[in-house]
Amino acid sequence: MIPYGRQSVSEEDIEAVAAVLQSDYLTQGPVVPRFEQVVAAYCGATHAVAVNSATSALHIACLALGLGPGDWLWTSPITFVASANCGLYCGAQVDFVDIDPRTYNLCPQKLETKLIEAERAGKLPKVVVPVHLCGQPCDMAAIYALGQKFGFKIVEDASHAIGAKYQGEPVGDGRYSDITVFSFHPVKIITTGEGGMALTNHPELALRMRQLRSHGITSDLSKMLARPADEIWNYQQFDLGFNYRMTDIQAALGVSQMTRLTEFVEKRRMIAARYDAELAGLPLQTPWQHPHSYSSYHLYPILLKLDNTGLCQRQVYEALHAAGIMVNVHYIPVYRQPYYERMGFRERYCPKAEQYHKATISIPMYPSMTDAQQSQVIAAIEKALWV
Ligand SMILES: *Cc1c(COP(=O)(O)O)cnc(C)c1O
């Protein structure tokens, strides 16, 4: 059985985790800040806040930006539900901007059109969440320019994209956004088991997110309000926060994984290059790459072009599963989930996203995939398409 994605854990990773297990701190020790520093330095950001998932990072990012009831958050429909749910957690309303059919990312032209309409209706979004689908960065310069014009904040959902570059610079450097979020779930580029991080160059946003990560509490004496001198106040709560903390055990795995990030991405890109070459000529579209982009290739989605084959997406999906190739679909448009349909979203809301969903299949892509396994995947796709 060949999965669509999987983690790559080395002996060094295991030793790093074991060392924390034998140390004084399992959580809130020295390793979480070290992991934050390593990721911030790699990406060229000034602040990083590690949390227990990207979902948590998206939530506290939106809260730090002041998203709340009466506000709107916009994102792409082709993403994991967490990119939209974070708006609902804050009591805001969520809307979707259709994708660019070349990159499958949120389309800046459609964003602009929708912003002009929203301005007329007095319903401009407070936060826009572009998602770097599969690790290919969105057109951030264009989205940022619209943010300046229409006054929204930007949270990059870079769950797929640590190690990717936009215009030659690392995703996460914050040139074109307020906050960038990474995921360290095992199928993503690097892993901490579960985990996420929010990067920003704004000290006040970092401070706010740090507090929200741990109950809204601070133990920093300089930040605390004066209290009677004969009472003990070694912490004070200022916000309604959460327990979204990452453990030192997870962070140790993260620090160790970071030493191989470049290698992981290079390996993914080699696998992509072989797919590009060997799948050409089949009735499918391989992922087109924008010249501004250096993708981390979290996923490798093929778009089936089955018009002249008599086949449907589901048959190809099932044929590959039967051959032990555990392909997946990324993603069902978020607004077509029953929970979102209950809010009134209907089919055909974002036609390009729906066309994509009905043709896409994510084929195996992970750094430890062998040449022989990749040959098996390619052969199974050829067979499933009857060529
Ligand atoms: C995986 C993922 C998330 C959520 O990540 P967790 O770390 O599992 O919470 C959010 N957005 C996107 C696009 C993802 O792929």
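Tutor: Start with a term. A helix crossing is right-handed if the near helix is turned clockwise from the far one by less than a right angle, and left-handed if it is turned anticlockwise. Keep in mind that this is a predicted model.

Student: Which hand does the crossing of α10 and α13 have?

Tutor: The crossing of α10 with α13 is right-handed. The two axes come within 9 Å and cross at roughly 135°. Helix α13 spans residues 371-384. Angles over 145 degrees count as roughly antiparallel, and 65 to 115 as roughly perpendicular. The α10 and α13 pair is therefore oblique.

Student: Which residues of α10 and α13 make the contact?

Tutor: From α10 come Val-316, Ala-319 and Leu-320. Helix α13 supplies Ala-380, Ile-381 and Ala-384. Sorted by class, this contact has six nonpolar residues, no polar and no charged ones.

Student: Now α1 and α8. At what angle do they pack?

Tutor: Helix α1 (residues 11-21) and helix α8 (residues 248-258) pack at about 150°, with axes 8 Å apart. That angle makes α1 roughly antiparallel to α8. Their crossing is right-handed.

Student: What residues of α1 meet α8?

Tutor: On the α1 side they are Glu-12, Asp-13, Ala-16, Val-17, Val-20 and Leu-21. Facing them in α8 are Asp-248, Ile-249, Ala-252, Leu-253, Ser-256 and Gln-257. The class count for α1 with α8 is seven nonpolar, two polar and three charged residues.

Student: On to sheets. How do strands of a sheet pair?

Tutor: Strands pair through backbone hydrogen bonds, in a parallel or an antiparallel way.

Student: In which sense do β6 and β9 pair?

Tutor: Strands β6 (residues 153-157) and β9 (residues 179-183) are parallel, joined over three bridges. Look for Glu-156: its bridge partner in β9 is Thr-180.

Student: What is the order of the open sheet of three strands?

Tutor: The order is β13-β15-β17, and the pairing is antiparallel. β13 (284-285) and β17 (360-363) are the edge strands, each pairing on one side only. Two bridges join β13 to β15 (residues 300-304). Leu-284 stands opposite Leu-304 of β15. Helix α10 (residues 313-322) packs on this sheet and touches β15 and β17. The direction of α10 makes about 15° with that of β17.

Student: Last topic: charge. How many salt bridges does a search of the whole structure find?

Tutor: First, the idea. Side chains of opposite charge can pair when their charged atoms come close. The search finds 14 salt bridges. Take one: the side chains of Lys-114 and Asp-95 meet at 2.9 Å, N to O. Lys-114 sits in helix α5 (residues 108-121) and Asp-95 in strand β4 (residues 93-96), so the pair ties together parts 19 residues apart in sequence.

Notes:
Residues numbered from 1 in each chain as written. Predicted model: local features only at pLDDT ≥ 70, side-chain atom pairs only at ≥ 80, totals over all residues. Heavy atoms only, no water. Pairing = 2+ DSSP bridges. Helix = DSSP H or I, 4+ residues; strand = E, 2+ residues; numbered from the N terminus. Contact = heavy atoms within 4.5 Å. Axes fitted to C-alpha atoms, helices over the stretch in contact; angles between N-to-C directions. Parallel < 35°, antiparallel > 145°, perpendicular 65-115°, else oblique. Nonpolar A, V, L, I, M, F, W, Y, C, P; charged D, E, K, R; others polar. Salt bridge = Lys/Arg side-chain N within 4 Å of Asp/Glu carboxyl O.
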